[in-house]
Amino acid sequence: GLYLYNNQLTGEIPPEIGNLTNLTHLYLSSNELTGEIPPEIGNLTNLTGLSLSGNQLTGEISSEIGNLTNLNHLSLGYNQLTGEISSEIGNLTDLMDLNLGENQLTGEIPSEIGNLNNLGTLLLNDNHLTGSIPPEIGNLYMLDELNLSNNQLTGEIPSEMGNDASMLHWMNLSSNELTGEIPPEIGNLYYLDELNLSNNQLTGEI
């Protein structure tokens, strides 16, 4: 592994990092790195952990990230990443933690996220995401923590979110533009400790 987190490193991530094809862990989080994530990172197909969070990275998340099918942990949060979340994210079926929060991502949440059957944590909060919540998220039985807050999501909360096989303990959909009634299926979430639906446009009865 390559562990350089919690330093004051500057500059861009060199594309030559893609030559280190035996790496299993790449942790560059909590530095002052700038520029775009080089697509050559997609060559590191042995990676199980990738964290670039807490930098000043810009640009889009390249579709090459979908090559990293051995990833268990992917953290790109707390940057300035833009563009849409690539549908290739759905290739990462071993993922247990996905953090893309605190960026400037746009577009809709890809339905392919519903392929990530091992996902325990999904953080997409504090972006500029639009469209409706894909009902496929309700298929993620192992999901423990879901945070979609502080976006521009619209439409109704899918009834699938109340899947009675769900392990969800914590769900935050606050500060969006969600409408309609709270689906009664939410009452099936037996393990839920915290539910935050505040600052939306929900109607109907509780």
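Trainee: Which residues touch the most other members of the largest nonpolar core?

Mentor: Leu50, Leu74, Ile137 and Leu146, out of 50 residues in that core. A nonpolar core here is a set of buried Ala, Val, Leu, Ile, Met, Phe, Trp, Tyr and Cys residues joined through side-chain atoms within 4.5 Å. Buried means under 20% relative accessible area, exposed over 50%, and partly exposed in between, with a 1.4 Å probe and protein chains only. Before you go on: this is a predicted model, where local features need pLDDT of at least 70, side-chain atom pairs count only at pLDDT 80 or more, and totals for chains, interfaces and linings use all residues. Residues are numbered from 1 along each chain as its sequence is written, and side-chain values use heavy atoms, leaving out hydrogens and water.

Trainee: What is Leu50 in contact with, leaving aside its neighbours within four places in sequence?

Mentor: Contact means heavy atoms within 4.5 Å. For Leu50 the list is Leu26, Tyr27, Ile41, Ile65, Leu68, Leu71, His73, Leu74 and Ser75.

Trainee: How many helices and strands does the protein have?

Mentor: Both are DSSP runs numbered from the N terminus: helices are H or I with at least four residues, strands are E with at least two. By that count there are 0 helices and 12 strands.

Trainee: In what order do the strands of the open sheet come?

Mentor: Strands of a sheet pair through backbone hydrogen bonds, either parallel or antiparallel. Two strands pair if DSSP finds at least two bridges between them. In this model, 3 strands form an open sheet in the order β8-β10-β12, with parallel pairing. β8 (154-155) and β12 (201-202) are the edge strands, each pairing on one side only. Between β10 (residues 177-180) and β12 there are 2 bridges, and Thr179 has Gln201 of β12 as its bridge partner.

Trainee: Is Asn176 buried or exposed?

Mentor: Asn176 counts as buried because its relative accessibility is 6%. This residue lies in the loop between β9 (170-172) and β10. Its side chain reaches the backbone oxygen of Leu148 at 3.1 Å. Leaving aside neighbours within four places in sequence, the contacts of Asn176 include Ser149, Asn151, Leu153 and Asn200.

Trainee: What radius of gyration does the protein have, and what would a compact globule have?

Mentor: The radius is taken over C-alpha atoms, and the globule rule is 2.2 Å times the number of residues to the power 0.38. With 206 residues, a compact globule would come out near 17 Å, and the protein has 17 Å, so the two agree. Along the principal axes, the C-alpha atoms fill a box of roughly 55 × 25 × 25 Å.

How values were computed. Polar contact = N/O pair within 3.5 Å; in protein donor to acceptor, adjacent residues only side chain to side chain.
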